[in-house]
Amino acid sequence: MSTECSWSRRFLQPFALLGLAAAIVQLAVAQIAERVRAHPALGLLLGFLPGLIWICFIVAFVKVVKKRDELQRRIVLEAAAIAFLLTVALALVFGGLESMGVYHASVDAVVTPAIWGWLAVFVFLKWRYR
C-alpha cells in the first residue's frame, strides 16, 4: 500500500479547504468592494476577513508540514524560500516602475503571482526530488 494520500484525500484536508475558502472569499470581497459602497464597519470586516482566513490556512499548513518527513519539509521550505526571493524581485521591479511613473501595481499584482510562483516551485521540487 502507498503511504501517500490520494488526490481526493489530499484536497479535502483542512489546510487545502481553508486555502480554497480564503481564495474564494478574497475574490468575493474584491468583487463586492468594486460594486457596492458598504458601511465603514462592514467594509472593515470585509477587509479583514480574507486575511483572517489566510492566517488560519497558514497555521493549518504549518501543522501539516511539521508532521511530514525531513524530505517533504525540505521541499516545502525550499519552495517557500525560492518563492520569497521571486516575490521580492517582483516587488522591486514594480517599485522601480512606480518610481519612474510607468506603472502603479496593486497589492494583488504582487501577491497573486507570489502564490502561483510558490505553487509552481513546489510542484517542480516535488518532481525533482521524486
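**View 1. Buried residues of helix α5 in a predicted model.** In α5, the buried residues are Ala-109, Val-110, Ala-114, Gly-117, Val-121, Phe-122 and Leu-125. Buried means under 20% relative accessible area, with exposed over 50% and partly exposed in between (1.4 Å probe, protein chains only). These buried residues pack against α4; contact means heavy atoms within 4.5 Å. Helices (H or I, at least four residues) are DSSP runs, numbered from the N terminus. The model is predicted, so local features need pLDDT of at least 70, side-chain atom pairs count only at pLDDT 80 or more, and totals for chains, interfaces and linings use all residues. Residues are numbered from 1 along each chain as its sequence is written, and side-chain values use heavy atoms, with hydrogens and water left out.

**View 2. Length of α5.** The 22 residues of α5 should span 32 Å at 1.5 Å a residue. The end C-alpha atoms of α5 are 31 Å apart, which agrees. The expected span is 1.5 Å times one less than the number of residues.

**View 3. The pair α4 and α5.** The axes of these two helices come within 8 Å and cross at roughly 145°. Axes are lines fitted to C-alpha atoms over the stretch in contact, and angles run from 0 to 180 degrees between N-to-C directions. The contact of α4 with α5 has 18 nonpolar, three polar and three charged residues.

**View 4. Helix α3.** Helix α3 covers residues 40-66. Its buried residues include Leu-46, Pro-50, Phe-57 and Val-65. Among the elements covering them are α2 (14-35), α4 (70-99) and α5 (107-128).

Note on methods. Nonpolar A, V, L, I, M, F, W, Y, C, P; charged D, E, K, R; others polar.
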